[in-house]
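Please read them with the structure open.

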Amino acid sequence: AAALPQSGDAQVLLARTLLGVGRRDRAYEALVLAVRLLPDAVEPRRMLVQVLLEKRIYQDAVEVAAEALRSHGTDAPLRVLQARALLALRRTEEAVSALRTALQLDDSSAVAWQLLADALVELERPGEAVGAFVRVTELSPRAAAAYVGLGRALRAKPTGGLALDVLRRG
């Protein structure tokens with residue numbers, strides 16, 4: 001984080017470069033500085049949450065995301081990152097809430113829909129998961145995990161006989 005220490009933009013660029021060569025620890029340092037130097041910018045916070053997720057420091061990722069969402073509450077990708085951290089901490093209901101909010105802001109994220117569907121299955125709510133899995137298949141027709149999840153969710157529902165019909169259409 002020594003290059004241009006007083007420039008938040010330079011720290012973000014440095015972090016991006018360091019991440020590109022697998023130097024997460026050094027990127028983390030640059031992003032912490034960038035967050036301090038750019039108090040109103042969402043990008044360094046989003047990147048910091050991503051690095052914390054990669055480093056498996058999930059509680060910190062949740063906290064950084066929550067702090068950033070206080071001023072950037074309409075940032076759907078940040079909410080998805082927050083949900084990933086919550087899922088890693090087994091705080092599934094909170095993750096579902098974050099994902100639903102993210103999808104209200106931007107319903108075109110196949111990743112968010114997949115995370116939501118998987119979380120709903122984990123909560124033993126396959127009926128709700130079916131719609132999310134179907135949306136993943138609409139957004140990303142080659143997403144094999146969505147078809148597998150959809151089949152499992154349909155099989156778990158009382159009307160599980162519909163699974164073959166839905167999967168044949170996919």
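1. The chain holds 10 helices and 0 strands, where helices (H or I, at least four residues) and strands (E, at least two) are DSSP runs numbered from the N terminus; read along the sequence, the pattern is α-α-α-α-α-α-α-α-α-α. This is a predicted model, in which local features need pLDDT of at least 70 and side-chain atom pairs count only at pLDDT 80 or more, while totals for chains, interfaces and linings use all residues. Residues are numbered from 1 along each chain as its sequence is written, and side-chain values use heavy atoms, with hydrogens and water left out.

2. Along its principal axes, the C-alpha trace spans about 60 × 30 × 25 Å. Of the 170 residues, 44% count as buried (under 20% relative accessible area, with exposed over 50% and partly exposed in between, for a 1.4 Å probe and protein chains only). Among contacts (heavy atoms within 4.5 Å) between residues at least 6 apart in sequence, 46% join residues at least 24 apart.

3. Helix H1, residues 8-20, has 13 residues and reaches 18 Å from its first C-alpha to its last, close to the expected 18 Å (1.5 Å times one less than its number of residues). Its buried residues are Gly8, Ala10, Gln11, Val12, Leu14, Ala15 and Leu18, and their cover includes helix H2 (24-37) and helix H3 (43-54). Just after H1, Gly22 takes a positive phi of about 80°.

4. The axes of H1 and H3 come within 11 Å and cross at roughly 30° (axes are lines fitted to C-alpha atoms, for helices over the stretch in contact, with angles from 0 to 180 degrees between N-to-C directions). The two helices are therefore roughly parallel to each other, a term for angles under 35 degrees. On the H1 side the contact is made by Val12, Ala15, Arg16 and Leu19, and on the H3 side by Glu43, Pro44, Met47, Val51 and Glu54; by class, this contact has 6 nonpolar, no polar and 3 charged residues.

5. Helix H5 (residues 76-88) and helix H7 (residues 110-122) have axes that come within 11 Å and cross at roughly 30°, which makes H5 roughly parallel to H7. In this pair, Val80, Arg84 and Leu87 of H5 meet Val111, Ala112, Leu115 and Ala119 of H7, and the residues of the contact divide into 6 nonpolar, no polar and 1 charged.

Technical notes
Parallel < 35°, antiparallel > 145°, perpendicular 65-115°, else oblique. Nonpolar A, V, L, I, M, F, W, Y, C, P; charged D, E, K, R; others polar.
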